[in-house]
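Keep the model in view as you read.

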Amino acid sequence: PVGSGSQTNCPAGSYCPTSAEKYACSGAGVYCPAASTTQDLCPAGSYCPTITTKTTCSGTGTYCAAGSMAQNVCPTGSYCPSVSTIFECTGAGAYCAANQTAQGTCPAGTYCPTPNVSYACTAGSYCPAGSVEAAVCPAGSYCSVTATTKTTCALGKYCPAGTTSNANCPLGSYCPTPVEKYKCPNDGSY
């Protein structure tokens, strides 16, 4: 400083571009430790709750972008491979839950119309891994609730499209295949 007999470091919370200039640091997400010559954003991978405090971001599925004042949880629809990076989950059948470090696939038994939404497969439909919509269970098969695959109906059973169980052929009918149902004639036969 001017008029002093010795050189002094710029104090924490300030920055000194020259030995004759001292400015107070201000603004959200800035970091000014002692001896700063510039006011800088808190670096990516760290968070700065105050202008003089820098803490390393840590924890699986968290991130700290440049200028962070707090550690952030990687949000649903994104993945964070490191504490300083965040990427948007993209592509058909992709799904990223909160706190993920890698892009994931929509889990079997669910469907994901977008990478940040997952719905349980509905009764009478099936959803293999990576589904973007529930597929109606085809005639001749049945699909239990939250089904991941379709199951072929047995002979003597009746399974129209959207069936949830291996159902018996209804009374008063005969079913030569799981997709055909005929009313029994009223001629004394069954």
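Ala35 is partly exposed, at 42% relative accessibility; that class lies between buried (under 20% relative accessible area) and exposed (over 50%), with a 1.4 Å probe and protein chains only. Ala35 sits in the loop between strand 3 (30-31) and strand 4 (40-41). Its phi is near 75°, positive although the residue is not glycine.

This is a predicted model: local features need pLDDT of at least 70, side-chain atom pairs count only at pLDDT 80 or more, and totals for chains, interfaces and linings use all residues. Residues are numbered from 1 along each chain as its sequence is written, and side-chain values use heavy atoms, without hydrogens and water.

Now look at Asn99. Asn99 also has a positive phi, about 75°, and is not a glycine. The loop that holds Asn99 runs between strand 11 (94-95) and strand 12 (104-105). Asn99 is partly exposed, with a relative accessible area of 35%.

Next, the whole protein. It has 20 strands and zero helices; strands are DSSP runs of E, at least two residues, and helices are runs of H or I, at least four, numbered from the N terminus. The protein is more spread out than a compact globule, because its radius of gyration is 32 Å, well over the 16 Å that the globule rule gives for 190 residues. That radius is taken over C-alpha atoms, and the rule is 2.2 Å times the number of residues to the power 0.38. Along the principal axes, the C-alpha atoms fill a box of roughly 120 × 20 × 20 Å. Of the 190 residues, 30% count as buried.
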